[in-house]
Amino acid sequence: MDFELPRHAQMKLEQTLAQWPQWQCDPALVRAPNVVKVLTPGISNHSVLVAAGQHFVVRIDGQNPAVHGLSRQTEWRTLEAAHAAGLAPRPRYFNPELGSLVCDYLAPERAQKLHVTDVARLLRGIHQLPARHHRLDLGERILRYEKQLEHRGRELDADVLGCRGPVAGLLQAVHDQSATAVLCHNDLLRANRIFSSGKLWAVDWEYCAMASPWYDIAVVVNGDSLTVSDTAALLNAYLGRAPDAGECEVLRQYGCIYRYLELLWYLALDTPVLAPAAIAEKSAALVNMLAQRMS
């Protein structure tokens, strides 16, 4: 299927390609890249495959990063470190004024069965990257989305409203913990992991920030709907041992927070991408998770 860019994104793409002499390539590019195709459009951004001797992915902002509390400077510096550690494609160029980022293209290998040990290894590598100043404030991000919905006159249904109080309590509980923050990807879903050249890589680092490693793990567990056995295998591989009761509880707490944040993220989009039935399903799953904690 062919995808077309909105006019404003097309203009930014053309400006980014015109800056090709500034791309950090070795050897340096000798000609302007050509557009190969627009990749499957993301919800927040547009990605385009281009070629100039080798292939690159150009990402153009679809929304203002400030809407989600993102730091493009942090993303760029983290990408540089993550590439050096063999965790991410090499970043080549970024221009926050244009809202563009260029990275090497990783050709995905044929779909393979999920190996949670590979995911655990990737998580451990990410959590060992150098610290950054930018921090993930889950409470602030949740409030940001709630305010966006309020300003747009979009009312939450009774089930979602009923989750506010319990989630606020969980936010306070994790805030009171003394866990050390580490550099986290914070969006390491299956769609943001690519198996290429015989190893697993992380892509789409725009949500990277200092955070609890347990939140990063909770994103994978809940966002990918891992089974109980896969979750246990992931934790064992990540920790090098079985998790204790306290660690399992922290993971459940962050799981509920992530589910609520994810739901608000979908509801706050300018253009809905999920059918009402899918939203209702996510809402019911969150209500069920919170009810299990209280029982």
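Start by selecting Ile 217: beyond its neighbours within four places in sequence, Ile 217 is in contact with Leu 123, Leu 234, Leu 235, Tyr 238 and Leu 251. The model is predicted.

**Helix H2.** Next, select residues 72-84. This is helix H2, with 13 residues. From the first C-alpha to the last, H2 reaches 18 Å, close to the 18 Å expected at 1.5 Å a residue. Colour Arg 72, Thr 74, Glu 75, Trp 76, Thr 78, Leu 79, Ala 81 and Ala 82: these residues of H2 are buried. What do the buried residues of H2 pack against? Show strands E2 (45-51), E3 (55-61), E4 (91-95), E5 (100-104) and E6 (182-184), and the packing partners are in view. Just after H2, stop at Gly 86, where phi is positive, at about 75 degrees.

**Strands E4 and E5.** Stay with E4, one of the strands that the buried residues of H2 pack against. E4 is mostly covered, with 5 of its 5 residues buried. Its pairing with E5 is antiparallel and runs over 4 bridges. To see one of the bridge pairs, select Tyr 93 and its partner in E5, Val 102. Then follow the hairpin of E4 and E5 through the 4 residues between the strands; Gly 99 in this hairpin takes a positive phi near 75 degrees.

**The largest cavity.** The structure holds 2 cavities of 30 Å³ or more. The largest has about 70 Å³ of space. Which residues line the largest cavity? Select Arg 59, Asp 61, Arg 72, Glu 75, Trp 76, Phe 94, Asn 95, Pro 96, Gly 99, Ser 100 and Leu 101. E3, H2, E4 and E5 each supply at least two residues of the lining, and H2 gives the most, with 3 residues.

**Backbone stops.** Most residues other than glycine have a negative phi, and most peptide bonds are trans.

- Select Asp 26 and Pro 27: the peptide bond from Asp 26 to Pro 27 is cis, with omega near 5 degrees. Pro 27 lies in the loop between helix H1 (7-18) and strand E1 (34-38).
- Move to Asn 186, in the loop between E6 and strand E7 (193-196). Phi here is positive, near 70 degrees, in a residue other than glycine.
- Continue to Ser 197, in the loop between E7 and strand E8 (199-202). Ser 197 is not a glycine either, yet has a positive phi of about 55 degrees.

Are Asn 186 and Ser 197 buried or exposed? Asn 186 has a relative accessible area of 6%, so it counts as buried, whereas Ser 197, at 64% relative accessibility, counts as exposed.

Conventions:
Residues numbered from 1 in each chain as written. Predicted model: local features only at pLDDT ≥ 70, side-chain atom pairs only at ≥ 80, totals over all residues. Heavy atoms only, no water. Expected span 1.5 Å × (residues − 1). Buried < 20%, exposed > 50% of the residue type's maximum accessible area, 1.4 Å probe, protein only. Contact = heavy atoms within 4.5 Å. Pairing = 2+ DSSP bridges. 1 Å grid on protein atoms, 1.4 Å probe; cavity = no way out; pocket = protein on both sides within 12 Å on 5 of 7 lines; lining within 4 Å. Points joined across faces, edges and corners; volume = space filled by probe spheres on them.
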